[in-house]
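The entries follow the order in which I looked things up.

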Amino acid sequence: MDPRCQKRTRPEKRPRENEIKHTTTCNGNKKSIKQDEWNQLSHDDNNRETQPNVHSSSTLGKQLPVLTGCRSVDNYERLNFIEEGTYGRVFRGRDIQTNKIYALKEIKLNNEVEGFPLTALREVSILVSLRHPNVVHVREVVVGSNLNKIYMVMEYAQHDMKKVLDNMKHPFSQAEVKSLLQQLLSGVAYLHDNWVLHRDLKTSNLLLDDQGILKICDFGLARLYSDPLKPYTQPVVTLWYRAPELLLGAKTYTPAIDIWSVGCIFAEWLRRKTLFEGRTEIEQLTKMWEILGTPNEEIWPGLYQLPNANKIKFIQQPYNRLSQRFDNNIYGSQTSVTKLGLDLMNKLLTYDPEKRIQAQDALNHPYFEEIPKPVDPSLMQTFPETNKSPY
Ligand code: AMP
């Protein structure tokens, strides 16, 4: 059985924060990140979370020993610029010794005053501790020659899912969508089993390699969660993929916010168009009500206790019209979805986060057993390499 599809048993109890251990890789050696250091990266209070930068470059080594003793970026030849990311540019590079291609994400240490971007610290420290085929792997962290830049060296993926969707000539087949969804859910189940919330799942944060393997990337907004849940920062998650509880102002949220985003991505793979495209938070909620029906206390107990629920006038739309968004006659046969597919999508897009399906349970949904079965990733259609520049 493909290890990506193996069942994982979710730990019975979420660990408390001081029970969680983290590791990182520098120069190929695994190092433990001290809990204090991790807390500094992942559990700062809301105040800290809104500060753009922490740590000055001169004190970086002392404050973050995980980043000391790293190799130089000179071990890589810079090939081409790929894209400007959340906090730095991403390049394609070649390991001079092995000739293997990697993606290098540059993290600029702006200056003594601004220091090291918190989002970058988060991403580095979370990603180096994770290892799963559907989560982009960080090989090592390397430093620039005059120590004003740090690079995260990641496995290289040839395609960006958003660009693939925007430019593809033939839509994904049902079997391909099934494979992509299975891979995405596998990666998300792994993150949630390891107490990581991604908090920004969307098609532009998914990569696809030339073997058809999907990789979740951009962990700049990711953070660790724990039991008991703490109030976290608002807002997170790009508007179109943002869960209703976030839009309604929930202060504590759970892995269910990532699952909502997965439901939106599943629909987008079939339609090649985002499902809920609001321009404001209210419009975003209205689009949901229009398609999924207006929620009420009966289906979502506690709905009216959410901070924004009484501030917004809900349009009343009593029906779930999700199936109409996948109507063959309107959108063509490729956008159709089977009854089981629709059932899974509705479970991923369940309003009440308590009732929303979890990633592991979604992986066991009969949708993945019905014909057509998920295609083997190696048989996925091919695309022009979007991350390699023509020059
Ligand atoms: P990010 O800041 O992580 O969102 O990265 C910005 C862009 O760089 C992504 O949308 C991808 O196009 C590209 N990118 C990021 N990581 C990789 C990678 N490991 N392999 C190839 N391209 C990547």
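I take buried to mean under 20% relative accessible area, exposed to mean over 50%, and partly exposed to mean in between. The model I am reading is a predicted one.

**Entry: Asp 352 and its partner**

I began with Asp 352, which counts as buried because its relative accessibility is 5%, under the 20% limit. Its side chain meets that of Lys 355 in a salt bridge, at 3.7 Å from N to O.

**Entry: other salt bridges**

I searched the whole structure for salt bridges and recorded 18. One of them pairs Asp 200 with Lys 202, whose closest N and O atoms are 3.9 Å apart. Asp 200 is buried at 9% relative accessibility, and Lys 202 is buried at 16%.

I next looked up Glu 245 and Arg 356, whose side chains form a salt bridge at 2.8 Å, N to O. Which parts of the chain does this pair link? Glu 245 lies in helix H7 (residues 244-247), while Arg 356 sits in the loop between helix H11 (339-348) and helix H12 (359-363). The two residues are 111 residues apart, and the pair links distant parts of the chain. I found both Glu 245 and Arg 356 to be buried.

**Entry: cysteines**

How many disulfides does the structure hold? I recorded zero. I also looked up the accessibility of two cysteines: Cys 217 is buried at 11%, and Cys 264 is buried at 2%.

**Entry: nonpolar cores**

I turned to the largest nonpolar core, which has 104 residues. Within this core, Phe 172, Phe 219 and Trp 269 touch the most other members.

For Trp 269, I listed contacts beyond its neighbours within four places in sequence. The partners are Met 161, Leu 165, Phe 172, Val 177, Leu 180, Leu 181, Leu 184, Leu 206 and Leu 214.

Key. Residues numbered from 1 in each chain as written. Predicted model: local features only at pLDDT ≥ 70, side-chain atom pairs only at ≥ 80, totals over all residues. Heavy atoms only, no water. Disulfide = S-S within 2.5 Å. Buried < 20%, exposed > 50% of the residue type's maximum accessible area, 1.4 Å probe, protein only. Salt bridge = Lys/Arg side-chain N within 4 Å of Asp/Glu carboxyl O. Helix = DSSP H or I, 4+ residues; strand = E, 2+ residues; numbered from the N terminus. Core = buried A, V, L, I, M, F, W, Y, C linked by side-chain atoms within 4.5 Å. Contact = heavy atoms within 4.5 Å.
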